[in-house]
Amino acid sequence: MKKPIGLLLAMCLFFACKKAPKKDTAKPEVPQKTSSNEWIILFDGTSTNGWRAYNGDSLPSQWIIKDGALTFDTEKRNEADHKGGKDIIYAAQKFENFELYLEWKISEGGNSGIFYHLPEGFDGPAEVAPEYQLLDDLKWEKINNATLQEWQKTGADYAMHVPDIHQKIVKPAGEWNSARIRFTPALVEHWLNGKKILSFIPWSAAWQERKASGKWKDFPKYGTFKTGYIGLQDHDSPLWFKNIKIKPL
């Protein structure tokens, strides 16, 4: 009995080896990572890693996480620093061409902004970096007893380009809005609550003319940097941000 069993096993192994496919020795194809398809999370609701003060070493104590939002808490101020100036940046990485998305809300009469292509070493972000304006459009003028121009209101490319008021829908103070900035050298777009509200070509002749004739005419470095940090502005208003992410283009 031992011989037939052994012979049978040998024959099975022989035919199995003949039928077995050849081993593929080629290296498996590794999917190429495409940066334009990948979002980088700048704030996920749980950590402030990467964030610090503009021209500073750490995050100002007024910027905290509360209920999953990056919050500017004005109650943590003291009399010495009650006039703004606690602007912050995401300092872990600089960005050139990108799509930035975030959600935000603001207090009644509040004021803030989103900066990009922001370099450090200046007195403040506004004098060098373009700004997507954030404001309580509905009550700021009444509370502050002043009149604003459209280039000072939500969604504007501050002091440069105004939103299309027919596309612009801004929610009241205390309600969440979404903002999106898409930047390439060919075209810049501002979106608010899912609607495109303005676009322009950066560094074009028309752009240069606006700069030379407006608020930034005495700020030669304004808008000239083609890469830099993302920044959030402290303008002495309670602020809330969440779901901050960016996609390099």
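This is a predicted model: local features need pLDDT of at least 70, side-chain atom pairs count only at pLDDT 80 or more; totals for chains, interfaces and linings use all residues.
A residue counts as buried when its relative accessible area is under 20%.

Now look at where the two sit. Arginine 180 belongs to strand β9, glutamate 99 belongs to strand β6 (residues 98–106), and the pair links distant parts of the chain, 81 residues apart. Glutamate 99 also forms a salt bridge with arginine 182, and here the closest N and O atoms are 2.9 Å apart. Arginine 182 is in strand β9 and glutamate 99 in strand β6, so this pair ties together parts that are 83 residues apart in sequence. Arginine 182 has a relative accessible area of 30%, so we call it partly exposed.

How many salt bridges does a search of the whole structure find? There are eight. Another one to look up brings together the side chains of lysine 139 and glutamate 108, at 2.9 Å from N to O. Lysine 139 lies in the loop between β8 and α2 (140–144), while glutamate 108 lies in the loop between β6 and β7, so the pair ties together parts 31 residues apart in sequence. With 38% relative accessibility, lysine 139 counts as partly exposed.

Back to strand β9, which covers residues 177–184 and contains phenylalanine 183. Is phenylalanine 183 buried or exposed? It is buried, because its relative accessible area is 2%, under the 20% cut-off. Have a look at what surrounds this side of the story: leaving aside residues up to four places away in sequence, phenylalanine 183 touches Glu96, Asn97, Phe98, Tyr116, His117, Val188, Pro202, Trp203 and Leu249. Glutamate 99 turns up here as well: its C-alpha is 6.3 Å from that of phenylalanine 183, although the two are 84 residues apart in sequence.

One of those contacts, Trp203, deserves a visit. Tryptophan 203 is in the loop between β11 (195–200) and α3 (205–213), and its 23% relative accessibility makes it partly exposed.

Strand β12 takes us to our last stop, a sheet. Five strands make up this open sheet, in the order β2-β5-β12-β7-β8, with antiparallel pairing. Its edge strands, β2 (51–53) and β8 (131–135), each pair on one side only. From one strand to the next, the twist averages 25°. Zoom in on β7 (residues 111–118) and β12 (residues 228–232): these strands run antiparallel, and three bridges join them. To see the pairing for yourself, find isoleucine 114, which stands opposite leucine 232 in β12.

Technical notes: Residues are numbered from 1 along each chain as its sequence is written. Side-chain values use heavy atoms; hydrogens and water are left out. Two strands pair if DSSP finds at least two bridges between them. Helices (H or I, at least four residues) and strands (E, at least two) are DSSP runs, numbered from the N terminus. Axes are lines fitted to C-alpha atoms, for helices over the stretch in contact, and angles run from 0 to 180 degrees between N-to-C directions. Buried means under 20% relative accessible area, exposed over 50%, partly exposed in between (1.4 Å probe, protein chains only). Contact means heavy atoms within 4.5 Å. A salt bridge is a side-chain nitrogen of Lys or Arg within 4 Å of a carboxyl oxygen of Asp or Glu.
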